[in-house]
Amino acid sequence: MSFPWAKEYTPASGFTKWIDEKLPLPRFVYNAVGAGYPVPRNLNYMWNFGVLAGFCLVLQIVTGVVLAMHYAANAQVAFGTVEHIMRDVNWGWMLRYMHANGASFFFLVLYLHIFRGFFYSSYKAPREMIWLLGVVIFLLCMATAFMGYVLPWGQMSFWGAKVITGLFSAIPLVGEPIQVWLLGGYAPDNASLNRFFSLHFLLPFVIAGVVILHIWALHIPGSSNPTGVEVKSESDTVPFHPYYTAKDGFGLGVFLIIYCVVVFFLPNMLGHPDNYIEANPLSTPAHIVPEWYFYPFYAILRAFTFDFILEAKLWGVLAMFSSILLWFLLPWLDRSPVRSGHYRPLFRIFFMIFVADMAVLFYCGGAPAEEPYVMISQIATAYYFLHFLVILPIVSSIEKPKPLPYSITEAVLGSDKKAVLGENTQPAT
Amino acid sequence: MIRIIAALAGLVFAGVALLAFFNGAYTALTEEPQHSADHEFHLEAHGPKGGFSFDGPTGNWDIAQLQRGLKVYSEVCSACHSLKFVAFRDLEELGYSEAQVKAFAATKQVPGIDPNTGEATTRPGEPTDYFPSPYPNAVAAAAANNNAIPPDLSLMTKARHHGSDYVYSLLTGFTDPATFEKDGKRLMEEFPDFTTPDGLYFNPYFGNLNLAMSPPLVAEGQVTFDDGTKATVPQMAEDVAAFLTWTAEPKLVERRQTGWGVLVFLLFATVLAYFAKKQIWAGVKPKKKA
């Protein structure tokens, strides 16, 4: 579906007409990211991160495929082949640093994209499916990144794999067999490394598939916008191309500048020195920490230190998985008919507290497992769950939102004389 | 219904987290906070005076220094530490000619196979060989060193926080625990029970303060530098720290030089993209009210 005023693709030459009859791929692209996709005219720069996340995925696949040509997934030589890439492969150091930091920037972009969704309630009807698919993409990215971090077979790779697969051992009765089954042994070894490599190569293509579904689902209701008021007339939209291709082009430039500063000048800033020590099952690092993008969830995992009916470790594992899985429920937890946080004064306060709470969890996840960090992360963890599962549903039903603009055009230009699609500021219930 | 179940789940998770918090707070209030010597008397690594030549985004190698560092490694460190990711051919990057590299490699014995008998033996190194390890295997390394295996040094400066500074600080940081003080506090007064076990050596830059490596750089002139530089302990430490920075990241300078080119291009392209965006949007942006 698209808006009735969407431009139609008209093949200009005989050749493109011929193509359009046999396989209308150019038409498909035109309608997806070309002039055939009308987009709200008032998107701010927070709407750049979807395209940037797509760019990161392509970047990771391209650099990753070339790295895989020089890497060997064998516990005897894996660490050495990474050094071979760094020293002897032409531009190998650049490919590896682009890929390793690419993962970090991918997550940075994903977090901004997700938090955009939190603030503007992008998960609300009619866009629930886009949101659900987005959470699936995020989970797949986490699995892919985790397995990718194991491949260099450094100390953090090995011990990270041991800790993360060890989480499954907290499950009563079947936990230990599941861990052994996942690792292909009692500890991370060649079997684990091989399967992680295989899956690390496969999953990005699964992600690409879900991304296609994500974008497909997006094109049915069309993009949301900062007012949260649905599109009513042609004057509310501009064609994706050239307006948003130009805006995304500029955004991509800014992104690449920051990314390249890190790749070329601070390539190990986001990594951990211990991963330049080859994996050694007999020597445990003083602090085992995951990559920075897992810190908040790692903090939640470690916050549960008290056996209450269940073992503390099991609480931690349940809480960590729930902390992300609960995002699936968001469309049904937040009942406010108003989407945009700009018009929700009470929600906005709690959103700010939530952002601060996530920042605290980030910090505690990277800190050593000692006081006061554990106590701080326990408070922050409690707030995390209260925010989504208790505060958000209550706020959304008691809050009195500010008046919404009549239309996007009115919000941008101050008045709108031509709105035609009628009253549709209320999402379907 | 979904909201009621969710709220209950949220209250349970938050409640258990808070229980853990109160439990932790109770423990923190009732138990003496533990403090340890390695926590309080550990020193942060620092670089040599004036820093290294490769510090900062425009830093560059000091080739003469890297050559001196190679000499320190060859004559001191290599007795115990391997450098397994560095090949002799790499030394051409340190300003040596092909012939010099060949001659240097030939002075090292590397593992080989006797062509007549097929038995394991050693042969003079070739430029394509890697620096040989001082021990045939980890067991031999542990046996010869009081069970502490000397780590490979190829990546040492990337395998520690502030690695170059760390290597320099560690090599110049051996001191006597009896007189050691930090911020005006004496170690032996704060922790009278502190001891350095036999076979270990006190060094405040090392994680737990007691290190299995004996001070390797002890006397001025321990190494004779070919360029006439006076071989003081700090000088040798600085040079070998610089050399190990090169072994860990031989493409460091190439990387930064590439980076400057990339950034100039990106800045130019982004400015163009900005004006393109501005021009395209000029027609639909509301006019600013003056």
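Okay, one definition before anything else: a crossing of two helices is left-handed if the near helix is turned anticlockwise from the far one by less than a right angle, and right-handed if clockwise. Keep that in your heads, and keep in mind too that this is a predicted model.

So, where do we use it? Look at helix 6 of chain A, residues 128-150, and helix 9 of chain A, residues 190-219. Their axes come within 8 Å and cross at roughly 160°. Angles over 145 degrees count as roughly antiparallel, and therefore that is what we call helix 6 and helix 9 of chain A: roughly antiparallel to each other. And the handedness? Helix 6 of chain A and helix 9 of chain A make a left-handed crossing. As for what sits in that contact, there are 22 nonpolar and five polar residues, and no charged ones.

Let me show you another pair in chain A. Helix 14, residues 345-366, packs on helix 15 of chain A at about 150°, with the axes 9 Å apart. These two, helix 14 and helix 15 of chain A, are therefore roughly antiparallel as well, and helix 14 of chain A passes helix 15 of chain A in a left-handed crossing. Which residues meet there? From helix 14 of chain A you have, among them, A:Phe347, A:Phe350 and A:Phe354, and from helix 15 of chain A, residues including A:Tyr383, A:Tyr384 and A:His387. By class, that contact of helix 14 with helix 15 of chain A has 14 nonpolar residues, two polar and one charged.

A:Pro372 is in the loop between helix 14 and helix 15 of chain A. There's also a cis bond from A:His241 to A:Pro242, where omega is near 10°, and A:Pro242 lies in helix 10 of chain A. Then there's A:Ser121, with a positive phi of about 45° even though it isn't a glycine. You'll find A:Ser121 in the loop between helix 5 and helix 6 of chain A.

Let's zoom out. How many helices and strands does chain A have? It has 16 helices and two strands. The radius of gyration of chain A is 24 Å, close to the 22 Å that the globule rule gives for 429 residues, so chain A is as compact as a globular protein of that length. Its C-alpha atoms fill a box of roughly 75 × 60 × 40 Å along the principal axes.

Chain B is another story. Here we count nine helices and six strands. Its radius of gyration is 28 Å, well over the 19 Å from the globule rule for 290 residues, so chain B is more spread out than a compact globule. The C-alpha trace of chain B spans about 80 × 65 × 50 Å along its principal axes. It is divided into domain 1, 1-33, and domain 2, 37-86 + 131-254, and the centres of those two domains of chain B are 46 Å apart.

Last stop: where the chains touch. The contact takes 50 residues from chain A and 46 residues from chain B. Which helix of chain A gives the largest share of its side? That's helix 10 of chain A, with 14 residues. By class, the side of chain A that touches chain B has 37 nonpolar, seven polar and six charged residues.

Methods. Residues are numbered from 1 along each chain as its sequence is written. Chains are lettered from A and ligands numbered from 1 in the order in which they are written. This is a predicted model: local features need pLDDT of at least 70, side-chain atom pairs count only at pLDDT 80 or more; totals for chains, interfaces and linings use all residues. Domain bounds come from an automatic or database domain assignment. Two residues are in contact if their C-beta atoms, placed from the backbone, lie within 7 Å. Helices (H or I, at least four residues) and strands (E, at least two) are DSSP runs, numbered from the N terminus. Ala, Val, Leu, Ile, Met, Phe, Trp, Tyr, Cys and Pro count as nonpolar, Asp, Glu, Lys and Arg as charged, and the others, Gly among them, as polar. Axes are lines fitted to C-alpha atoms, for helices over the stretch in contact, and angles run from 0 to 180 degrees between N-to-C directions. Angles under 35 degrees count as roughly parallel, over 145 as roughly antiparallel, 65 to 115 as roughly perpendicular and the rest as oblique. The radius of gyration is taken over C-alpha atoms; the globule rule is 2.2 Å times the number of residues to the power 0.38.
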